[in-house]
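These are my notebook entries on one structure. I looked up its aromatic rings and then its sheet.

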Amino acid sequence: MSTDFSIRPVGIPVPAQIVTTSNSAANDAVQTDLPVSQTVAASDTSAPARNDLQSNENISRQVIFDQAAASMVFQVVNDKTEAVVDQFPDEAMLRRRAYFHALDLKSEPSRPLNTDLSA
């Protein structure tokens with residue numbers, strides 16, 4: 001295997017097309033050598049994307065501790081129906097963690113309870 005990592009140009013250089021866009025962020029971006037079909041334009045900053053559940057006002061967020069999985073669970077709950085809308089980690093992950101936590105507890109050697117209070 002070669003350890004030579006030098007980069008050598010292949011073929012003749014081709015001039016890049018200049019693409020005009022209506023977005024000012026895209027107009028100020030660095031020009032690339034990609035063809036127009038493979039370019040990605042910057043998003044419009046006038047309408048920022050939102051990632052919250054603001055449209056639904058009857059939700060609450062709660063954090064619980066799952067003892068079987070020995071981990072914290074973050075939930076988004078519908079207040080009217082008490083249904084879990086979203087949860088992290090999901091149920092499959094919690095079951096997996098609970099299984100491995102039970103295996104860990106089973107494999108630990110049982111230690112006698114220290115009842116000597118004089119030490």
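I began with the term: rings of Phe, Tyr and Trp (its six-membered ring) pair if their centres lie within 6.5 Å, and planes under 30 degrees apart count as stacked, over 60 as edge-to-face and the rest as tilted. I then found that the structure holds one aromatic pair. Its members are Y99 and F100, edge-to-face at 5.4 Å centre to centre with 65° between the planes.

I noted the basis of these entries. The model is predicted: local features need pLDDT of at least 70, side-chain atom pairs count only at pLDDT 80 or more, and totals for chains, interfaces and linings use all residues. Residues are numbered from 1 along each chain as its sequence is written, and side-chain values use heavy atoms, with hydrogens and water left out.

Next I looked up accessibility (buried is under 20% relative accessible area, exposed over 50%, partly exposed in between; 1.4 Å probe, protein chains only). Y99 counts as exposed because its relative accessibility is 52%. F100, at 45%, counts as partly exposed.

I turned to the sheet, using DSSP runs numbered from the N terminus (strands: E, at least two residues; helices: H or I, at least four). Strands pair if DSSP finds at least two bridges between them. Three strands form an open sheet in the order β1-β2-β3, with antiparallel pairing. β1 (59-66) and β3 (84-88) stand at the edges with a single partner strand each, so one side of each has no neighbour in the sheet.

I also recorded that eight bridges join β1 to β2 (residues 71-78). The bridge partner of S60 in β2 is V77.
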